[in-house]
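Please look over the model displayed here before reading on.

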Amino acid sequence: QVQLVESGGGLVQAGGSLRLSCAASERTFFYNMGWFRQAPGKEREFVAAISRSGGSTYYADSVKGRFTISRDNAKNTVYLQMNSLKPEDTAVYYCAASQRITTWALDPTRKYKYDTWGQGTQVTVSS
């Protein structure tokens with residue numbers, strides 16, 4: 001089973017930027033990938049997702065236009081570029097991998113469609 005390790009989190013002021021990375025232990029080409037986040041006291045929520053080839057991307061309305069998901073299959077890495085950060089973006093960010101193909105594409109925002117999760121990386125945005 002693939003293992004995922006997130007990095008790139010930290011403390012940033014509102015309006016700033018961060019780039020998260022998710023390194024996989026095997027070829028990411030076989031997996032559709034997603035980013036989720038969980039703030040204290042809240043449920044884990046969908047942030048962004050990208051298809052195996054990178055040809056399709058999906059975003060939560062709350063981050064659309066500010067965040068960009070991308071992948072480099074040659075490096076087995078998925079990225080989340082986060083710009084114009086807001087205090088409400090503060091959360092632990094998780095990378096996830098899905099082996100589903102057709103059913104994943106129908107709704108990539110659903111947590112149950114992802115088989116493997118990373119340990120998370122903390123993002124804190126100060127006002």
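What follows is a guided account of one arginine, a neighbouring hairpin and a set of salt bridges.

The structure is a predicted model. Leaving aside residues up to four places away in sequence, R66 touches Q81, M82, N83, S84, L85, K86 and D89. With S84 there is also a polar contact: a polar atom of the R66 side chain lies 2.9 Å from the backbone oxygen of S84.

One face of β7 is covered and consists of F67, I69 and R71, while T68, S70 and D72 form the uncovered face. Strand β7 runs antiparallel to β8 (residues 77-82), and 6 bridges join the two. In this pairing, S70 has Y79 of β8 as its bridge partner. The hairpin of β7 and β8 has 4 residues between the strands, and N76 in this hairpin adopts a positive phi near 55 degrees.

The salt bridges come next. The model contains 4 salt bridges by the rule applied. Which residue meets R66 in a salt bridge? The partner is D89, with an N to O distance of 2.8 Å between the side chains. D89 belongs to the loop between β8 and β9, whereas R66 belongs to the loop between β6 and β7, so their pairing ties together parts that are 23 residues apart in sequence. Both D89 and R66 are buried.

D89 also forms a salt bridge with R37, where the closest N and O atoms are 2.9 Å apart. This pair links distant parts of the chain, as D89 is in the loop between β8 and β9 (91-98) and R37 is in strand β4 (residues 32-38), 52 residues apart. Here too, both D89 and R37 are buried.

R37 in turn forms a salt bridge with E45, and the closest N and O atoms of that pair are 2.7 Å apart. Are these two residues buried or partly exposed? R37 is buried, at 6% relative accessibility, whereas E45 is partly exposed, with a relative accessible area of 37%.

The pairs can now be put together. D89 and R66 meet in a salt bridge, and salt bridges that share partners join R37, E45, R66 and D89 into one network.

Key: Residues numbered from 1 in each chain as written. Predicted model: local features only at pLDDT ≥ 70, side-chain atom pairs only at ≥ 80, totals over all residues. Heavy atoms only, no water. Polar contact = N/O pair within 3.5 Å; in protein donor to acceptor, adjacent residues only side chain to side chain. Contact = heavy atoms within 4.5 Å. Buried < 20%, exposed > 50% of the residue type's maximum accessible area, 1.4 Å probe, protein only. Pairing = 2+ DSSP bridges.
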